[in-house]
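Please open the model in a viewer and keep the sequence at hand.

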Amino acid sequence: MKTVVYPGTFDPITNGHIDLVERSACLFDRVVVAVVSADSTSKTPLFSVEERTVLAGELFLDRPEVEVVAFDGLLVDFARSMGADAILRGLRAVSDFEFEFQLAGMNRHLAPEIETLFLTPAQQYGYLSSSMVREIACLGGDISPFVEKNVQLALEEKFGRGVQ
Ligand code: ADP
């Protein structure tokens, strides 16, 4: 039984993230989407950790091999507690590389037995980020090509553009 942990802020989960979950589900028996609590990052998320976990969880209700779990603290401790063989991260443009390389190196130092694996998304998601989706939603743009319906509704509600 091979397990991969896919950590991130997922503020909110986008089609790019979903693409990676699906790709990794072809390679692993179990995929744990690990939603980082705000307390353990320098970011101030738009959605609470509970909201981000529910939004992501709703997308994989029919996929027993995909779990969505909130976590706090050190990623490698969480990954070990899940019995993970690998940590998954996404690489879009070259700009992701430096930070991801540093993170992978530090995680290898802390937990040499856990590999970091990188996957790239389908071409159409190569420029997609949660921050861009939040910004477009805030300005009233159409985010339907980038996120699932539940996420779209949650963003509309956050920015006061809910069902009239
Ligand atoms: P973090 O705050 O940890 O970077 P994110 O939720 O922004 O969390 O992203 C989680 C992971 O998913 C990161 O490795 C990021 O590079 C990757 N990712 C984000 N958006 C995409 C995308 N459109 N395609 C592929 N990977 C992505």
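By class, how many nonpolar, polar and charged residues does the lining of the largest pocket have? The structure is a predicted model, and in it this lining comprises 18 nonpolar, 16 polar and 7 charged residues.

Begin with the pocket itself. The largest pocket holds about 1,100 Å³ of space. Select Gly8, Thr9, Lys43, Arg89 and Phe99, which lie closest to its centre among the 41 lining residues. Next, colour strand S1 (3-8), helix H1 (15-25), helix H3 (75-81), strand S4 (86-90), H4 and helix H5 (130-138): at least two lining residues come from each of these elements. H4 provides the largest share of the lining, 8 residues.

Turn now to the sheet. Select its 5 strands, which form an open sheet with parallel pairing in the order S3-S2-S1-S4-S5. Strand S3 (66-71) and strand S5 (115-119) are the edge strands, each pairing on one side only. From one strand to the next, the twist averages 30°. At one end of the order, strand S2 (residues 30-36) pairs with S3 in the parallel sense over 6 bridges; within this pairing, select Val32 and its bridge partner in S3, Glu67.

Return to H4, which packs on the sheet and touches S4 and S5. The direction of H4 makes about 170° with that of S4.

The last stop is Asp96, located in helix H4 (residues 94-110). Is Asp96 buried or exposed? Asp96 counts as buried because its relative accessibility is 14%, under the 20% cut-off. Beyond its neighbours within four places in sequence, Asp96 is in contact with Gly90 and Leu91.

Note on methods: Residues numbered from 1 in each chain as written. Predicted model: local features only at pLDDT ≥ 70, side-chain atom pairs only at ≥ 80, totals over all residues. Heavy atoms only, no water. Helix = DSSP H or I, 4+ residues; strand = E, 2+ residues; numbered from the N terminus. Buried < 20%, exposed > 50% of the residue type's maximum accessible area, 1.4 Å probe, protein only. Contact = heavy atoms within 4.5 Å. 1 Å grid on protein atoms, 1.4 Å probe; cavity = no way out; pocket = protein on both sides within 12 Å on 5 of 7 lines; lining within 4 Å. Points joined across faces, edges and corners; volume = space filled by probe spheres on them. Nonpolar A, V, L, I, M, F, W, Y, C, P; charged D, E, K, R; others polar. Pairing = 2+ DSSP bridges. Axes fitted to C-alpha atoms, helices over the stretch in contact; angles between N-to-C directions.
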